[in-house]
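Please have a look at the model first.

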Amino acid sequence: MKDMSKPVILTGLRANNDLTLGNYFGGLLPIVDMAKNKSDEYQINLFVPDLHSFTTPIDHSDLQKQIWNNLRLFVAAGLPLDNDGVHLYRQSYVSAHSELTWVLDCFTGTGEMSRMTEFKDKTAKIGDDRVSVGLFNYPILMASDILLYNATYVPVGDDQSQHLEFTRDIAERMNNKFGELFTVPKAVKEQHAFFGKDQGLRIKDLADPTKKMSKSDESGKGVIFLSEDPEFAAGKIMRAATDDLASINYDSQNQPGISNLIEILALTTGKTKEEIISEWQGKSSYGDFKQAVADAVRAFLTDFQAKLAQVSDEAISTKLETSEAAANDIADATLLRAQKAVGLR
Ligand code: TRP
């Protein structure tokens, strides 16, 4: 990769996600902003972990479409394709990910993997014959994703911090056994200090604002998807749960619904929460307020969907070609070190 001396920030965004407003503002947009702001000082690696996307069963006739949709979402969210400091690649196009995974597999205990929360939860839910070996191995592939590029900083959600800790463990274990093979990424606490606690931004469910907006919401009333019809989405805002206090305040304890709408209005208009609060604080008409939020959500989705439709697949292909060549070079160099260490070369 371009500048070997720059520390590496790396993250993967799962391919088979129909992103919600919450995923967008809490996950995708911060990553894209980080890439834009930090690419002078850091090498930024963003990738689509397509090998991870069928550790649980999927409809394989959709996978290509989902991978491309993910790449387009990065670009529609503002990821610059002409910046050499940012690499954008698909995991399966860099074969070292699979190869290093095998090597690390052989230094990982089955007990250790059995204790991973995601694996335990799924096994408890659907039984161990229906949980794939791929899911069991998921954290090892993730460790390879990180270690191949000598990444120092890895922004991940809370649900992934256990996998990051495992990455540190396996890196240290290999380094102790074979000498300095891998860069050990920073611990979760230091990741938070580096990226800021705002990583934890969570948009809430519209129908039940005490829980997080989630794509698995069964009624569909509480969640807005980026691909959703803007008019339909505006209707969901109008029907969002609030309270009977008849006074607009940012108070997530006592007025979680109103507070969530304040958050959404700020994010979709690009204003700060403080600006929104000073505009609406103490007003009593929830109808007017919801109308303003609904208008903002409608406008945001209309604009985002137009941007998405304009994204050039050709420009993405060009970027992938350059990035994947660079990614293969650096990943192969790390893989070779590991192969030599274990005696394969
Ligand atoms: N497991 C991550 C998620 O579900 C995606 C991912 C795969 C990832 N490999 C990674 C994130 C490496 C960071 C680094 O969100």
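## Around the ligand

A polar contact is a pair of N or O atoms within 3.5 Å; within protein, one must be able to donate a hydrogen and the other to accept it, and residues adjacent in sequence count only if both atoms are side-chain atoms. This is a predicted model, where local features need pLDDT of at least 70, side-chain atom pairs count only at pLDDT 80 or more, and totals for chains, interfaces and linings use all residues. Residues are numbered from 1 along each chain as its sequence is written, and side-chain values use heavy atoms, leaving out hydrogens and water.

Aspartate 145 has a side-chain N or O atom 2.7 Å from a nitrogen atom of the ligand. Tyrosine 138 also places a polar side-chain atom 2.7 Å from a ligand nitrogen, and for glutamine 160 the corresponding distance is 2.9 Å. There are 14 residues around the ligand (a heavy atom within 4 Å of it), and the nearest are Arg14, His52, Tyr138, Asp145 and Gln160.

## Two domains

Domain 1 covers 8-196 + 313-342, and domain 2 covers 201-308; such bounds come from an automatic or database domain assignment. Their centres, taken over C-alpha atoms, are 31 Å apart.

## Where the domains meet

Contact (heavy atoms within 4.5 Å) joins 16 residues of domain 1 to 19 residues of domain 2. Together the domains bury about 1,500 Å², with 72% of it on carbon and sulfur atoms; this is the accessible area (1.4 Å probe) lost when two parts are put together, summed over both. The interface has two residue pairs in polar contact, both at pLDDT 80 or more.

On the side of domain 1 that touches domain 2, the residues divide into seven nonpolar, six polar and three charged. Here Ala, Val, Leu, Ile, Met, Phe, Trp, Tyr, Cys and Pro count as nonpolar, Asp, Glu, Lys and Arg as charged, and the others, Gly among them, as polar.
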